[in-house]
Amino acid sequence: MTEANQDILVHTAAGVSSITFQRVAKKNAITSAMYAALADALAAAQADAGVRVLVFQGDAGIFSAGNDIADFLQQPPPTQDSPVLRFLHGIATFAKPVVASVCGPAVGIGTTMLLHCDLVYAGDNALFSMPFVNLGLCPEAASSLLLPQLLGYQRAAEALLLGEPFTADTALALGLVNRVVPPAECNGLAQAQAGKLARKPLSALIETKRLMKCGQSAQVLAAMAQEAASFGRMLREPAAREAFAAFMQKRQPDFSAL
Ligand SMILES: C/C=C/C(=O)SCCNC(=O)CCNC(=O)[C@H](O)C(C)(C)COP(=O)(O)OP(=O)(O)OC[C@H]1O[C@@H](n2cnc3c(N)ncnc32)[C@H](O)[C@@H]1OP(=O)(O)O
């Protein structure tokens, strides 16, 4: 096992590079340092001819609680070269196949990053949510573009405006995941599917993925940039500050005056 960061493990074997969220005590909430490790791992996997497939995984109880809320309070708003945007750009433009194994909660970017994965397997305990509005924020990862395309406008609006969690079976029905299995089997299934891909001709995988995505790759990057500008501004506004304070103080936010 190669350690990219104490909370992000990167391990490459038989052409499959596996990136494992490993900050379980904090529900795999992603800090700026973790985004930097993720972005570096993506760049390394892209450049390494020995890597043919990438896998993202957590453990059987948690995929990721999304952006670390304390980090939101401490870090400056994202710029184009900030770790979170390097990560998002890296996953959105990754040329080789990306497989994800999702068990337990996948919050915020924990769900939206899946829109950039090619195959997504979920444990039957997976819970997906995009509670940006509840945090006084707006969508990221081009989810404001990709989610309405995938789900249809009203279902995307329900997911993004209400921000309520939905189950693995709902995600399967919505087309966000490929298959639902018991949590103990999920990482193994993702690895097995990645192994199958790794034995196929890489040039054909890359060209097939490129052709499926090239029609809107420019719009995806433009949506990400537009979202990032709004997100960076909203991080400093009263609604987000109230939401973050409430989370840190383990209380319900009060948006009545906002
Ligand atoms: C650009 C990206 C944007 C985004 O991703 S926006 C999304 C931001 N994320 C969230 O709003 C999720 C916040 N977290 C939660 O809603 C819940 O957690 C979970 C549903 C993920 C899990 O709930 P439960 O099983 O009850 O665990 P617990 O007691 O809430 O958390 C265990 C410890 O993990 C810390 N933690 C959880 N999520 C975060 C987070 N996102 N940022 C920082 N810390 C987090 C908690 O505080 C606590 O810590 P302690 O044991 O020290 O009290």
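Trainee: What covers the buried residues of α11?

Mentor: Happy to start there, with two ground rules. This is a predicted model, with local features needing pLDDT of at least 70 and side-chain atom pairs counting only at pLDDT 80 or more, while totals for chains, interfaces and linings use all residues. Residues are numbered from 1 along each chain as its sequence is written, and side-chain values use heavy atoms, with hydrogens and water left out. In α11 (residues 238-248), A240, E242, A243, F244 and A246 are buried (under 20% relative accessible area; exposed is over 50%, partly exposed in between, with a 1.4 Å probe and protein chains only). Their cover includes α2 (69-74) and α10.

Trainee: Which residue just after α11 takes a positive phi?

Mentor: Helices here are DSSP runs of H or I with at least four residues, strands are E runs of at least two, and both are numbered from the N terminus. Just after α11, a positive phi of about 55° belongs to K250.

Trainee: How do α5 and α10 pack, and why is α5 called oblique to α10?

Mentor: Helix α5 (residues 143-151) and helix α10 (residues 217-234) have axes 8 Å apart; axes are lines fitted to C-alpha atoms, for helices over the stretch in contact, and angles run from 0 to 180 degrees between N-to-C directions. Under 35 degrees is roughly parallel, over 145 roughly antiparallel, 65 to 115 roughly perpendicular, and the rest oblique. The packing angle is about 125°, so α5 is oblique to α10.

Trainee: Which residues of α5 and α10 make the contact?

Mentor: Contact means heavy atoms within 4.5 Å. From α10 come Q219, V220, A223 and E227, and from α5 come S143, S144, L145 and L146.

Trainee: Why are the buried residues of α9 on the same side?

Mentor: Helix α9 (residues 202-213) buries L202, L205 and K209. An α-helix has 3.6 residues a turn, so residues three or four places apart point the same way.

Trainee: Which exposed residues does the face of α9 turned away from its buried side carry?

Mentor: The cover over the buried side includes β5 (98-102) and α8 (183-198). On the face turned away, the exposed residues are S203 and L211.

Trainee: Is T31 buried or exposed?

Mentor: T31 lies in the loop between β3 (16-21) and α1 (32-47). Leaving aside neighbours within four places in sequence, T31 contacts R23, D68 and D71. Its relative accessibility is 14%, so T31 counts as buried.
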